[in-house]
Amino acid sequence: MADPRDRIDELGEALELADRAARDYLRDFADDPVQPAGSVERLDAFAPSLPEDGKGAPAAVAELARLGIESATRSSGPRFFHFVIGGTTPAALAADWLTSALDQNVGLWVASPLGTRLEMVAIEWLRELFELPPAFGGVLTSGGTMANFVALSAARDWCGQRRGVRVGDRGMAALGDLPVLTSGHIHASAVKSLALLGVGRDSVRRLSGDESGTLDLGALERELVALEGRPAIIVANAGEVNSGAFDPIDAMADLAERHGAWLHVDGAFGLFARLSPRSAHLAAGAERASSVSADGHKWLNVPHDVGFAFIRRPDWVTDSYAEASAYLTADDEAHPSFTHRAPEGSRRARALVVWATLAAYGRRGHRAVVERHLELAQRLARRIDAEPHFERLAEVPLNIVCFRWHPPDAEEDALDDLNRRLGAELLADGRVFAGTTVFAGKVAFRPALVNWRTGERDVDMLVDVLVELAERVSADAATARG
Ligand SMILES: *Cc1c(COP(=O)(O)O)cnc(C)c1O
């Protein structure tokens, strides 16, 4: 019988197996296909029924390592351009191992002064990294979605307070409708958060006059005037996922101040524009927001799952998070208990990876990563512009390049289908990974640059492979036409 207490001596061997497997994986994965051939089929090897008797830690870990290395999507490698998925810096990866070894619970100060103190420091360092004012406090979350959730819950509770309603106690029904004013760039996760918070998806008003989602600033002002001082939430989007476009945050901050609205900035990856003088202007005004959210597992290159929400402290309403129970300690400034500021009770010590990567590389190191990606995005845009059969669909303000395949003989109404087919070919090919989206009504590619390892060779390979596969899809289509 495999009672772990009887098999405590297996610990060293299990850790060594995991260490060796991780080193093997990370040595080769940059040159592996992003989704190794046959890897999805091999997942059937994970047995469908619960074992009655265990095989012991070394055997279990060895099996997991083998199947894991065979099947893992190389999404933390340098040629994964799909979605916006970052890699893991060496310091952050090692710190993640320590996070599990130390296994702190950062819900209550008494349960982990270490984890709590590091979370306070990590939030402070991030605030300095993004040059936000000292008035901002914050929490680490499981990602950008939960960072939006935490920030928007503070926004909701603040709006309630302005109308004399404690929403955490009485619910949204006591508050009534709460308008959320934004552009067409709002991220699906912010909308989802509003649904979860009871504000509702239908509260979102996308004030945009064009099909790419650009904010109609005049419409925003008219909406705010019509509210006659009733509370509202404005969501400014710093970095739209298809093109990297930014809402005019400063102008939105002016309106928020004038009309007494809460301004939330969703900067999941776009907030990192503030790390470089070349791009900082894009996210100017975020320092004036009531709340700001961003991701760690994207452009900071720490492992999943890490995000952060900053909230301007005097406005920070934590009604909804206060967890009252005889055995839990209350929150206090010097020795905070993050369970009173976050959705979770027990919480992983996410600060270790944030602390480690910032301690290891500093502001300059992380700025260098951002600036390399700014250059690589321009390089990619130039290469697309030079390809006669490809067409760029948007400006490249940051780290995303939005384009599509456009063979000269193809009719407009055939292009969506052709691009979907090319997208499927690209994913099946696996040398580089980038998917399709719909941008301004057109099926398009939108590779994002966020991985610290990515270099010129990787970006060039994306274009070379796309051109090669496009020729094949064309030839197949010609054959099919006969
Ligand atoms: C990725 C993203 C999110 C959601 O973040 P997760 O970490 O995936 O939860 C929110 N907003 C924007 C703009 C994003 O790009």
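**Rings, strands and charges**

Biologist: Which residues do ring pairs link into a cluster?
Modeller: Rings of Phe, Tyr and Trp (its six-membered ring) pair if their centres lie within 6.5 Å. Plane angles under 30 degrees count as stacked, over 60 as edge-to-face and the rest as tilted. Ring pairs join these five names into a cluster: Phe130, Phe272, Trp299, Phe308 and Phe310.

Biologist: What kind of model is this, and what pLDDT do local features need?
Modeller: Residues are numbered from 1 along each chain as its sequence is written, and side-chain values use heavy atoms, with hydrogens and water left out. This is a predicted model, where totals for chains, interfaces and linings use all residues, side-chain atom pairs count only at pLDDT 80 or more, and local features need pLDDT of at least 70.

Biologist: How many aromatic pairs are there, and what is the angle between the planes of phenylalanine 272 and tryptophan 299?
Modeller: The count of aromatic pairs comes to eleven. In one of them, phenylalanine 272 and tryptophan 299 lie 6.1 Å apart centre to centre, and the pair is tilted at 45 degrees.

Biologist: How many residues apart in the chain are phenylalanine 272 and tryptophan 299?
Modeller: Helices (H or I, at least four residues) and strands (E, at least two) are DSSP runs, numbered from the N terminus. Phenylalanine 272 is in the loop between β5 and β6, and tryptophan 299 is in the loop between β6 and β7. The pair links distant parts of the chain, with a separation of 27 residues.

Biologist: Are phenylalanine 272 and tryptophan 299 buried or exposed?
Modeller: Buried means under 20% relative accessible area, exposed over 50%, partly exposed in between (1.4 Å probe, protein chains only). Under that cut-off, both phenylalanine 272 and tryptophan 299 are buried.

Biologist: Phenylalanine 403 and phenylalanine 445 also form a pair; what is its class?
Modeller: The centres of phenylalanine 403 and phenylalanine 445 are 5.7 Å apart. Their planes are 20 degrees apart, and the pair is stacked.

Biologist: Which strands hold phenylalanine 403 and phenylalanine 445?
Modeller: The two residues lie 42 apart in the chain. Both are buried. Phenylalanine 403 sits in β9 (residues 403-405), and phenylalanine 445 in β11 (residues 442-445).

Biologist: How many of the residues of strand β6 are buried?
Modeller: Strand β6 covers residues 291-295 and is largely enclosed by the rest of the structure. Ser291, Ser293 and Asp295 point one way, while Val292 and Ala294 point the other way. The buried count in β6 is five of the five.

Biologist: How many salt bridges are counted?
Modeller: Side chains of opposite charge can pair when their charged atoms come close. A salt bridge is a side-chain nitrogen of Lys or Arg within 4 Å of a carboxyl oxygen of Asp or Glu. By that rule the count is 41.

Biologist: What is the N to O distance between aspartate 250 and arginine 288?
Modeller: The side chains of aspartate 250 and arginine 288 meet in a salt bridge at 2.7 Å. Aspartate 250 is in helix α10 (residues 249-259) and arginine 288 in the loop between β5 and β6, so the bridge ties together parts 38 residues apart in sequence. The N to O distance is 2.7 Å.

Biologist: How far apart are the closest N and O atoms of glutamate 257 and arginine 288?
Modeller: Glutamate 257 is exposed at 52% relative accessible area, whereas arginine 288 is partly exposed at 25%. Their salt bridge has its closest N and O atoms at 3.1 Å.

Biologist: Which residues form a network of salt bridges?
Modeller: Elsewhere, buried arginine 350 and buried glutamate 344 form a salt bridge at 3.9 Å. The network links Arg379, Arg383, Glu387, Glu456, Asp460 and Asp464.
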